[in-house]
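Please keep the sequence and the model in view while reading.

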Amino acid sequence: MNPNHYSLKNGTSQNHFKNIKGLYKTGLILILCLGFIATFAKETALYKVGLPNVPGFMSHGQNGEVKGFPLVLFEKIAQDENIQFEWVDGSWNELFIKVQTGEIDVLPGTQETAKRKEILDFTDANLYTMWSELYMHKQTDFKNILQLENKKIGLVVDDNNAAGFLDYINEFDIEIQAIYIDSHSEALNRLKRKELFAIVGPSPNLLGELPPEVVSSGLYFNPTELKYSFPIGKNEALRKMIDHRLSIYKSIPNSIYYQLITDYKRAVFEQSHWVLPIWLQFLIYGFITLFGVAFLFIAVLRQQVKTRTRELKDRDTYLHKAMEVGEMGTWEMSLETRKIYWSDEVYSFTGINKEKEYLTAEYIKSIIHPDDLEDVINFFRKIDQKDTIEKECRIINKLNQTIYVRLVGQLLKNEQQIPVKSIGIIQMITNQKLHEQELIKAKETAEKNEKLKSAFLANMSHEIRTPLNSIIGFSDLIASNEVEEDRKQDFINIIIKQNETLLTIINDVIDISKIETNSLEIVKKRTEVKPLLKSIYDQHKEDCPASIDFKLDIQLDYYNCIINTDQTRLEQILNNFISNAFKYTPEGIVTLGCRESSIPGNFDLFVKDTGIGISKEDRALLFSRFTQVDNLKQGAGLGLAISHSLAQLLGSKIHVISKKGKGSEFYLSFPLFEA
């Protein structure tokens with residue numbers, strides 16, 4: 001073997017081994033570097049933490065410090081867990097959206113709800129239980145929750161306090177005007193300017209940052225758990241670190257968690273603009289007032305006891321007081337002079353001036369209602385015949401006011417049993433008579449309503465039974481398989497038509513019920529006239545009988561004529577007009593259209609036909625319920641009554657031009673605007 005060859009081979013192997021060893025060292029160093037970089041990157045990860053500006057709850061101070069329990073506690077957690085972060089300022093709803101999209105990693109102070117748990121992750125540990133509160137301008141006189149009816153209430157977008165408030169008032173069946181606002185700061189500013197009746201926000205007001213014009217209403221609701229929230233499915237390690245640190249804090253009685261709780265509770269009393277709840281204010285005022293009234297009552301009572309003791313000695317004074325309370329007075333008439341005397345109480349409640357000490361029979365006749373005069377004369381004549389008699393009559397004073405009185409009289413005799421005068425009582429019964437008249441009117445109204453209800457039920461029974469009989473009858477025929485196939489489709493079409501008739505009747509009944517109870521909702525919006533009429537025309541063109549020429553006549557030059565109305569209800573009125581025109585026009589022309597009105601600045605929507613027309617007598621009952629020109633036609637007779645009420649709700653009125661045998665025209669007028 002050649003030594004040189006061996007030496008060369010051996011040298012090559014050694015060099016190869018050195019190269020492998022060098023690569024191994026290089027790889028090891030690279031792995032260590034990557035591990036160090038990963039560790040460093042992990043330790044220096046920078047999280048974005050939302051800092052919502054919620055006055056009185058969370059905010060950024062002028063010197064850069066944060067205020068609010070959730071924010072200060074997070075700074076301490078970040079310090080103990082070595083979490084690197086930066087604050088991201090914004091309104092609550094801005095940051096709430098950012099945490100959902102992952103633009104920020106944590107949102108402190110988020111109220112946990114079932115709906116929010118579907119779109120966010122939350123810490124297991126809570127900060128504390130959060131309540132919602134209603135805030136008002138300090139000049140608002142707020143006594144109870146019923147005052148919120150139809151009031152403008154500011155609600156911050158995506159704020160759980162707002163959602164909880166809506167759930168809360170729904171239990172009281174209260175309707176409000178919800179005004180949605182982008183931030184709590186803007187809501188407070190609008191409340192300061194009295195643009196809103198109240199706003200909804202978090203409670204308690206920890207830092208006292210409310211403007212001096214704004215106070216608590218004392219209304220609390222919507223208790224929820226306050227936690228830290230995260231983008232769903234992200235930052236699990238960060239969430240676990242925060243939960244871990246919170247559990248440690250809560251396990252130590254004197255930890256930073258309890259220190260902050262104590263400090264912020266103290267801030268509630270030292271810094272906040274607290275006001276007592278309205279109910280508590282009323283309770284305190286009530287106790288003070290009750291005590292004052294009781295003290296005054298006792299003092300007055302003691303004085304009255306002394307006064308009454310003296311007054312009881314004088315029987316005339318006592319009787320005078322009793323008659324004054326009972327709106328009664330005395331009268332007497334001398335049988336010798338025929339002069340009549342009234343006590344002061346009678347002059348007072350009748351409104352008649354006391355010009356003399358006595359009244360004459362002629363004067364009494366002048367103030368008695370003419371219809372009662374003969375009965376009053378007979379009353380005085382009968383006093384001689386009975387011990388005591390009564391009579392009701394009317395007195396008319398100089399102000400032309402009618403006063404109802406009850407006369408009670410008897411004959412007074414002297415010791416020789418000779419009649420000397422008539423005496424008695426006059427009692428005012430005006431309120432009683434008015435109440436009786438109201439009861440009579442209510443009874444008549446109830447009887448009329450009972451008749452209307454009976455007529456309604458009888459009419460509805462007939463109108464509903466008619467289409468139902470058709471539906472049931474033809475359905476049975478189809479199901480029996482005894483009908484030829486080519487006839488089944490005709491029966492199906494009849495069933496469909498009767499279904500539509502039945503639905504129309506039911507809808508009319510529902511609408512008339514809503515109108516009667518003032519619960520029909522009208523929602524007005526900008527509506528283009530020409531497209532509306534074209535849509536209605538196309539809808540009825542298919543249903544138009546073959547004997548009728550259905551036309552669309554738009555006479556306005558303004559293509560985009562705009563009106564502010566409830567389009568659905570306006571369509572309902574025009575549909576009723578067209579349906580009636582088809583029903584009462586055996587053959588001829590029915591026209592739907594619009595034109596300039598004879599009223600300047602207005603235009604008319606109209607439906608006219610060449611049908612049977614309406615007599616003058618029938619026009620007087622045209623808009624009455626359950627009334628039809630031709631009782632042989634199918635229908636509940638509610639269509640025009642509903643249309644009449646809807647037109648009034650839309651700010652218009654139905655006008656009718658018709659003559660028996662010459663056709664009819666129904667039209668509505670509205671203000672004309674050009675887009």
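Q: In which strand is serine 422 found?
A: In this predicted model, serine 422 is found in strand β16, which covers residues 419–428.

Q: Why is serine 422 called buried?
A: A residue counts as buried when its relative accessible area is under 20%. Serine 422 has a value of 3%, and because this lies under the cut-off, the residue is called buried.

Q: Which residues does serine 422 touch, leaving aside those up to four places away in sequence?
A: A contact requires heavy atoms within 4.5 Å, and on that basis serine 422 touches Trp331, Glu332, Met333, Leu335, Ile383, Gln410 and Leu411.

Q: How many bridges join β12 to β13, and what do the two strands form?
A: Three bridges join β12 to strand β13 (residues 340–342), again in an antiparallel arrangement, and tryptophan 331 has tryptophan 342 in β13 as its bridge partner. The two strands form a hairpin with five residues between them, and in the turn arginine 338 has a positive phi of about 65°.

Q: Which residues line the largest cavity, and what is its volume?
A: The largest cavity has a volume of about 130 Å³, and the structure holds four cavities of 30 Å³ or more. Trp331 and Trp342 belong to its lining, together with Ile340, Ile364, Ile367, Ile368, Val376, Phe379, Phe380, Ile395, Leu407 and Ile426. Helix α12 (373–382) is among the elements that supply at least two residues each, and it gives the most to this lining, with three residues.

Q: How do you know which class of residue makes up the lining of the largest cavity?
A: Trp, Ile, Val, Phe and Leu are among the residue types that count as nonpolar. By class, the lining has 12 nonpolar, no polar and no charged residues.

Q: What classes of residue line the second largest pocket?
A: Its lining has eight nonpolar, five polar and five charged residues. The space in this pocket is about 340 Å³, and of the 18 lining residues, the closest to the centre are Lys115, Arg116, Asp159, Asn160 and Ala163. The largest share of the lining, six residues, comes from helix α4.

Q: Why is strand β10 described as largely enclosed?
A: Six of the six residues of β10 (residues 198–203) are buried, so the strand is largely enclosed by the rest of the structure. Strand β7 (residues 128–137) is joined to β10 by six bridges and runs antiparallel to it, with glutamate 133 bridged to glycine 201. Strand β8 (residues 152–156) is joined to β10 by two bridges and runs parallel to it, with isoleucine 153 standing opposite alanine 198.

Q: Why are β18 and β22 said to stand at the edges of their sheet?
A: Five strands form an open sheet in the order β18-β20-β21-β23-β22, with mixed pairing. Each of β18 (548–554) and β22 (654–658) has a single partner strand, so one side of each is left without a neighbour in the sheet. The twist averages 15° from one strand to the next. Seven bridges join β18 to strand β20 (residues 588–596), which run parallel, and isoleucine 554 stands opposite cysteine 594 in β20.

Q: Which helix packs on this sheet touching β18, β20 and β21?
A: Helix α15 (residues 529–541) does so, and its direction makes about 170° with that of β18. Helix α16 (residues 567–583) lies across β18, β20, β21, β22 and β23, running at about 30° to β21.

Q: What makes helix α18 mostly covered?
A: Of the 11 residues of α18 (residues 639–649), eight are buried, among them Leu640, Ile642 and Leu646. Just after this helix, glycine 651 takes a positive phi of about 85°.

Notes
Residues numbered from 1 in each chain as written. Predicted model: local features only at pLDDT ≥ 70, side-chain atom pairs only at ≥ 80, totals over all residues. Heavy atoms only, no water. Helix = DSSP H or I, 4+ residues; strand = E, 2+ residues; numbered from the N terminus. Buried < 20%, exposed > 50% of the residue type's maximum accessible area, 1.4 Å probe, protein only. Pairing = 2+ DSSP bridges. Axes fitted to C-alpha atoms, helices over the stretch in contact; angles between N-to-C directions. 1 Å grid on protein atoms, 1.4 Å probe; cavity = no way out; pocket = protein on both sides within 12 Å on 5 of 7 lines; lining within 4 Å. Points joined across faces, edges and corners; volume = space filled by probe spheres on them.
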